[in-house]
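Confidence and chain contacts come after that.

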Amino acid sequence: MRFVWFWTFWHWSKESFRYGSLLRSPLHGIGSHWDEWFRHEASEGDLRAIEEAGRTKSTQRRFIAWLLRHWAGETDWPRNQMVSRFVLGQLAHLPPFDKWQAFENHRAGYGVVGISAVVLGAESPGQAEDVRRVEALALPADGAPIILPEGFQADAGEMETARCAASSVLRGKGLLVFLALWIVGGRRPYPRWLKIAVALGWLAVGGLILYLLIGPEPGGRLFLWTATLTALWSGLMLVGVTVAAWHGFRAWRQGAVWATRMEQCQVRMRMNGGLTIKGESAGLPFCLNTLLAVSRVEPRLDCRSWLWQRFVRRLRAERDIWAATGVVTTDGYLRPVVLEPKLHACLAHGGIKQILTPRQSNASPRAMIRLTAARATPGREREPVPPPASASRLGFAAEKPRLRTHCCRHVAQAMMALGGLTSGWQKAVSALAIIVSGAMLFALPDLRAILVPPPAPLAVSPSSPSPYYLWVSLDTKHPERFQVVFESEFWANRRAEVTPHSGANASMRAEIFLHRLAGQTNPNGEDGTLWIERRHHFLTREYAPGERVGRYSVAYLTRLPHE
Amino acid sequence: MKTEIPIEQLLRWRLSRAEAEAPPAPRATRLLALARPWWDTWPEQFRAMVERLGKIQIAYGHAMAEPRPSRGGHPVPALVIRTTEELETSVRVLYLNVRDGRLRLRFQVDAVLGPEQKSLDVTFVCNASQRPVVSASASLSVDSEYRIDLELSEELARIWEPLKVTDRMPFRLILRADTNQG
């Protein structure tokens with residue numbers, strides 16, 4: 001067995017913890033425990049072996065590799081990749097490892113940098129040093145505090161608020177906000193051709209609706225057009241809803257897994273500089289870095305949600321150019337902060353290209369351009385000179401500011417921006433889809449009546465008790481879909497709508513006022529035929545009458561019972 | 001002028017100069033005073049500190065939303081004496097081991113001590129008798145911790161040997177950041 005001395009130390013630490021000599025668990029107190037063991041407990045043989053392991057850079061590297069590959073695998077947390085990074089980071093500052101060259105990289109940090117926090121030093125007007133790198137890692141909790149600042153002092157309540165906000169976007173109201181934002185305007189995991197096809201599909205649905213509303217009379221092709229419209233809209237809705245539901249479900253499942261993991265972990269937030277943080281504006285970066293820390297615990301393969309995977313991948317890839325500031329509430333909403341000096345700090349830093357801020361007036365792109373211009377020519381902003389009325393007015397073709405602000409009301413919006421999930425194209429398509437679908441929902445009864453027409457009704461009682469009226473009562477639940485046409489050579493021809501009538505003789509009927517023709521060609525008062533015709537509507541438009549589905553004589557109808 | 005001087009003569013000259021400039025040896029009473037513990041030297045101040053230390057009441061009230069297993073130990077009341085201020089705080093005992101008559105202790109001060117002190121003079125005051133039991137120097141270690149390695153009297157070693165970090169400690173601490181002050 002190699003590096004027995006490390007196992008000796010580890011078991012001493014575990015036993016001392018179990019016995020009650022050590023307050024912190026072997027993992028959480030590893031730095032302190034090693035210091036104690038190395039000073040007082042290590043045997044001569046151990047010390048010689050340690051010296052041997054640190055003799056050359058190559059042997060030192062061998063120890064690091066062993067720690068990463070073998071030791072970490074034999075601890076209680078073989079799948080947590082952060083454990084060995086933490087151990088190396090802690091040991092790197094302690095003798096004899098502080099003299100080992102191979103530990104050089106581990107002295108600067110844990111190598112898990114997240115997005116930077118903009119925390120102003122005391123009375124700082126906003127300098128590059130105020131953009132502070134934050135490292136976050138999640139370790140097994142083992143009864144230790146669930147979120148712990150390292151390298152700075154912060155109020156435990158504020159740190160806890162950031163953790164609660166992270167929990168909310170993993171498995172709470174925050175996740176619903178995130179999914180809603182994504183459904184409305186979020187990039188979809190479609191190939192390019194499908195993206196274009198979907199947009200064209202929605203345009204086609206919109207075009208068909210307009211054609212049916214204001215186009216020429218479709219006549220016999222009404223069924224074909226409405227069938228095409230319904231099929232196209234249903235297909236697009238099916239694709240959209242299926243994609244949204246599937247990815248929403250996966251994101252919810254993954255969020256639940258990570259939220260459970262977060263509850264079982266201690267999140268260590270490291271920010272060098274020994275600051276004592278006053279105020280809560282570091283809440284947003286702490287929240288986002290907590291999410292990153294939780295996602296880093298296990299390999300990327302364990303994330304099966306496209307949404308979370310994209311967010312985490314982008315955050316890892318672009319962490320050096322992002323900074324954030326904002327007070328975060330437990331349910332993930334952002335509150336305004338002092339912003340101008342922080343923007344100055346980001347501009348002075350140079351490496352920061354994107355900053356997440358709460359939605360406030362001085363975070364707008366216009367304010368950013370003004371700030372950039374003011375930095376370029378100090379004093380201009382403070383003393384604006386009004387242009388003389390007679391002079392020609394100048395247009396400043398200001399260059400695009402190299403710092404882009406993303407104003408957010410909620411952590412979910414910050415996640416959308418970080419993950420590159422916001423898509424103008426999708427927003428436009430969604431807006432079109434919402435308008436079109438609204439129209440389709442209103443038109444659904446009309447479409448149904450065209451595609452699946454109601455059965456042809458029969459003429460039933462009551463007939464009219466008055467000799468001046470002819471009642472055509474129909475046994476139908478859809479009176480608005482039918483009309484009655486009266487053709488006679490004795491009476492004036494009429495067309496009447498079928499409407500519901502209540503009262504003593506309630507029925508669905510058409511009431512036709514009988515008016516004798518001046519020049520009658522037939523002297524028979526019972527002459528005449530009543531036709532039942534279908535009516536077709538689409539939203540506000542009524543088409544030409546449809547097929548005739550019933551034919552009754554006046555004599556038949558007048559002999560029906562009155563009640 | 002004679003420029004060549006033997007080295008032996010030069011050394012004798014340097015020795016006589018050093019003897020002439022050296023401060024006088026301290027008197028026996030001064031040496032005894034230096035050897036006395038500080039609480040004997042400034043008894044009034046010590047009494048006032050112990051009185052203040054005795055008034056510090058520390059107890060955690062757990063009002064957590066979610067029950068979590070914790071192993072926080074009991075905070076030990078401590079009085080930090082610095083040149084410019086006196087601060088009532090508590091310390092967390094992180095490691096406690098009494099073996100072969102030696103005490104090895106590591107602790108962390110809960111209050112922020114401003115610029116970190118490389119060492120602290122720690123006086124253990126018995127909870128029951130309010131008397132000082134032992135004093136030692138604590139050195140700064142990793143992660144703002146302080147460590148003490150101290151030889152205990154037989155009686156004290158016997159009493160403290162069964163102690164665990166999670167137990168309530170039978171002592172309170174006076175931490176003096178600048179030992180030149182009383």
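I began with helix 11 (residues 283–296) of chain A, which lies across strand 1, strand 6 (322–324) and strand 9 (354–358) of chain A. Helix 11 of chain A runs at about 125° to strand 6 of chain A. Angles run from 0 to 180 degrees between N-to-C directions, with axes fitted to C-alpha atoms, for helices over the stretch in contact. Helices (H or I, at least four residues) and strands (E, at least two) are DSSP runs, numbered from the N terminus.

Next I took helix 15 (residues 411–418) of chain A, which packs on the sheet and touches strand 6, strand 9 and strand 10 of chain A. Its direction makes about 145° with that of strand 10 of chain A.

I noted the provenance: this is a predicted model, where local features need pLDDT of at least 70, side-chain atom pairs count only at pLDDT 80 or more, and totals for chains, interfaces and linings use all residues. Residues are numbered from 1 along each chain as written, and chains are lettered from A and ligands numbered from 1 in written order.

Then I read the strand order: an open sheet of 5 strands, 2-1-6-9-10 in chain A, with mixed pairing. Strands pair if DSSP finds at least two bridges between them. The edges are strand 2 (131–132) and strand 10 (404–408) of chain A.

I checked confidence (pLDDT, from 0 to 100, per residue). Chain A has a mean pLDDT of 89, and 94% of its residues reach 70 or more.

Last, 17 residues of chain A are in contact with 21 residues of chain B (C-beta atoms, placed from the backbone, within 7 Å).

Conventions. Contact = placed C-beta atoms within 7 Å. pLDDT = per-residue confidence, 0-100.
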